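Me: I'd like to go through this fold with you and see which terms hold up against their cut-offs. Could you take my questions one by one?

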Amino acid sequence: MIKNFEGKTAFITGSASGIGMGIAHACAKHGMKVCIVDKREDALEEALKWYKERGYEASAIALDVTDREAYVKAVEKAEELYGNIHLLVNNAGVSAGSTVWDSSWNDWDFIMGINCMGVVNGIKIVVPRMLKHGEEAHVVSTSSTGGVFAVAGCPLYNSTKFFVSGLMETVAADLEGTNVGASVLYPGPTNSQLGFSSQAVRPDALKDANAPVFAPPKDGEAPAMPAMPDFTQIFMTPEELGERVIMGIERNDIFIWTHPEFKAGTQLRNDAQVRAIPDEPLTEKRKERAEALKFFGSLTYNPMYEKQTTPPGLAEDWDRSKE
Ligand SMILES: NC(=O)c1ccc[n+]([C@@H]2O[C@H](COP(=O)([O-])OP(=O)(O)OC[C@H]3O[C@@H](n4cnc5c(N)ncnc54)[C@H](O)[C@@H]3O)[C@@H](O)[C@H]2O)c1
């Protein structure tokens with residue numbers, strides 16, 4: 001939980017473009033010192049200009065989030081520059097593969113290394129430092145609406161995003177009672193460079209011959225996908241999304257949703273889970289088991305979820321010209 005952003009330090013991975021950039025811009029506008037962190041050094045340098053032109057305190061740190069030694073060094077560099085880190089955003093992510101059976105082992109290793117272990121690396125390296133300095137702090141990790149219910153055709157991406165959801169809910173539970181809050185971010189469609197950057201950051205060792213290559217999108221364009229209409233004017237802008245993330249951190253929300261369009265689908269999936277639980281009378285034996293399960297902490301019921309309320313949201317005509 002961060003109530004006052006002024007003068008605090010943010011460390012945001014995957015922030016050379018798209019959603020990470022939008023969050024980083026919002027952090028700067030709210031008075032934070034910002035470390036933009038990304039594997040694409042050229043994109044980082046380009047991104048840094050925005051802060052310099054506006055006189056915001058920001059630095060670019062090149063990092064591949066899968067490299068643990070380099071991650072520690074990047075965090076040490078951020079601390080040298082700006083002192084304690086108060087906000088960690090595990091946002092670097094990629095897409096890969098098709099069905100489980102048609103995707104290659106390289107697809108799996110590539111996507112899980114970044115989308116899953118990249119997030120673990122950030123938490124394992126930064127959160128102990130936050131707990132140690134004791135000032136108000138927060139960790140956000142970017143999942144996806146595909147981390148809440150199934151989207152046909154994207155099992156690799158979906159499963160890594162489900163991983164992020166489960167991880168962050170448990171991290172939030174483990175951080176209860178500390179000065180560090182935790183949120184999982186579920187962006188809906190947002191203009192970004194994901195199609196291009198997923199190709200650009202893929203190490204040679206994990207590339208497959210004959211894999212399709214997308215053309216790089218122009219600045220601010222949606223990911224280039226074959227045979228897709230141009231949704232750039234319809235998708236959310238990273239700037240708007242960034243404001244919503246700031247609001248979620250301030251509210252200490254476990255779940256940060258950006259798009260109201262996903263309510264019915266989420267409800268459908270969660271209701272199906274509840275319906276699938278057998279409705280059986282509590283026999284003496286079952287009552288005994290229910291009592292025994294209370295020894296396992298929040299195994300059957302976690303009151304943490306009761307705290308989540310509905311955010312006020314932004315006005316429908318959130319002014320794009322202010323971006
Ligand atoms: N754009 C959307 O509609 C959308 C929706 C839901 C979730 N997401 C998620 O949002 C996050 C940001 O993606 P985006 O859509 O803004 O795309 P983006 O390509 O604009 O940003 C992703 C950034 O992550 C960086 N990156 C990738 N691998 C890295 C690594 N190993 N180390 C460091 N940096 C690395 C890329 O260079 C890129 O700058 C991702 O986790 C993505 O899965 C995006």
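Predicted model: local features only at pLDDT ≥ 70, side-chain atom pairs only at ≥ 80, totals over all residues.

Me: What makes you say that H4 lies across strands, and at what angle does H4 run to E4?
Reply: Helix H4 lies across E1 (9-13), E4 (87-90), E5 (137-142) and E6 (180-186), and runs at about 175° to E4. Angles go from 0 to 180 degrees between N-to-C directions, with axes fitted to C-alpha atoms, for helices over the stretch in contact. Contact asks for C-beta atoms, placed from the backbone, within 7 Å. Helices (H or I, at least four residues) and strands (E, at least two) are DSSP runs, numbered from the N terminus. Helix H5 (155-174) also packs on the sheet, touching E5 and E6, at about 160° to E6.

Me: Why are E3 and E7 called edges?
Reply: The open sheet has the order E3-E2-E1-E4-E5-E6-E7, with parallel pairing. E3 (58-62) and E7 each have a single partner strand, so one side of each lacks a neighbour in the sheet. Pairing takes at least two DSSP bridges; E2 (33-38) and E3 have 5.

Me: Why is Asn252 called partly exposed?
Reply: Asn252 has 17 C-beta neighbours inside 10 Å, so Asn252 counts as partly exposed: buried needs 20 or more, exposed 12 or fewer, with C-beta atoms placed from the backbone. Asn252 sits in the loop between H7 (238-251) and E7 (255-257), and has a positive phi near 55°.

Methods. Residues numbered from 1 in each chain as written. Contact = placed C-beta atoms within 7 Å.
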